Amino acid sequence: MSLLPAGKRLAFAAQGERLCLGVWRAGRWIVCPYGAVLDGASAKDQCARCAQLDRSRSVAADTMADDPRPYGVYLAYFGPGLLKVGITAAERGPARLVEQGAVAYAWLGRGPLMAARRAEALLGSALSVPDRFAKAAKRAARGVLPPVSERAAELAQLHRAARQLAGWPETLEPVEFACADHTELFGLDRIPGEVAELGGMTPGAEIVGEVLTGVGADVYLRLAGVGAEVGVGVGVGVKAGAVAGAVSGAGERERGAGAGGVAGAVAVMDARLLSGWVLGPAVGEATTVPVRAAARGAGEREREREGMGGQEGLF
């Protein structure tokens, strides 16, 4: 977040081909031995073979059950009705919640990995609490957020219900309810009601704009110019980590204008889509990647149907 503060000017271009990032081992990326080229519109930043090797030793893929570190079970809030359960290594603190763009969260318990996994599964089976939401649903919910007190109340209600469940793992230590809110950290008040979406990069494509704010891997930009018409397109979807640093260093051009000095559409960019590209300075003054109208999330569709007397499940 600190690498892309509000008001920072970005002007960068994709160079060459988008390459597989390889495999994460011992705290660093090991180069893909296949030199695999990736689709710029893909949600993946690894080729199939590197991804398979990565998942052979992964907590997320349940192939690392012997991890001795303590884990925390959390409840994350993304918008009205959008609450999920998840786990993260206790040593990471709230980093995982920030990465996911959680608007608010609360810890539920701490203990061994398998106990944390059992609690996560228990909430899923007994309370139908999901462990993930689609990107479109998270983005749509940011435009209709209720007051902080209402977010905390919704989290507190789920926290109480979770703690009352039979079958709570004995080795998982309960954590008293305390709501943490990311409104200020994410600068949610700087996100306008109408936001377009930037598509994937292609060789030579450029993004030129000014940072409004960032939420997880999403970066909200006021575009300096748009080379493609805004329209409705198919959604696209790659690890954020050092991507923000690469963007701010590789393609930044300071032009000295204030936060409101750039005319143009506001669009959200998934910084993960930049993974695997070599980024250089832009040569033009306009954004040339596809810009499309934002897809509506499940929460928005639910509110529309409620207004018409119908209902649709969020999960």
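## A buried pair

Both Glu210 and Arg9 are buried, where buried means under 20% relative accessible area, exposed over 50% and partly exposed in between (1.4 Å probe, protein chains only). They form a salt bridge whose closest N and O atoms are 3.1 Å apart; the term covers a side-chain nitrogen of Lys or Arg within 4 Å of a carboxyl oxygen of Asp or Glu. Because Glu210 sits in strand E10 (residues 206-215) and Arg9 in strand E1 (residues 9-15), this pair ties together parts that are 201 residues apart in sequence. Helices (H or I, at least four residues) and strands (E, at least two) are DSSP runs, numbered from the N terminus.

## About the model

This is a predicted model, in which local features need pLDDT of at least 70 and side-chain atom pairs count only at pLDDT 80 or more, while totals for chains, interfaces and linings use all residues. Residues are numbered from 1 along each chain as its sequence is written, and side-chain values use heavy atoms, with hydrogens and water left out.

## Two further pairs

Arg151 and Asp181 make a salt bridge with closest N and O atoms 3.0 Å apart. It links distant parts of the chain, with Arg151 in helix H5 (residues 148-163) and Asp181 in strand E8 (residues 180-181), 30 residues apart. Arg151 is buried at 7% relative accessible area, whereas Asp181 is partly exposed at 27%.

Glu99 pairs with Arg96 at 3.4 Å between the closest N and O atoms. These two are three residues apart in helix H2 (residues 95-100), so about one helical turn separates them.

## The wider picture

The count comes to 15 salt bridges. Arg139, Arg142, Glu197, Asp218 and Arg292 are linked in a network of them.
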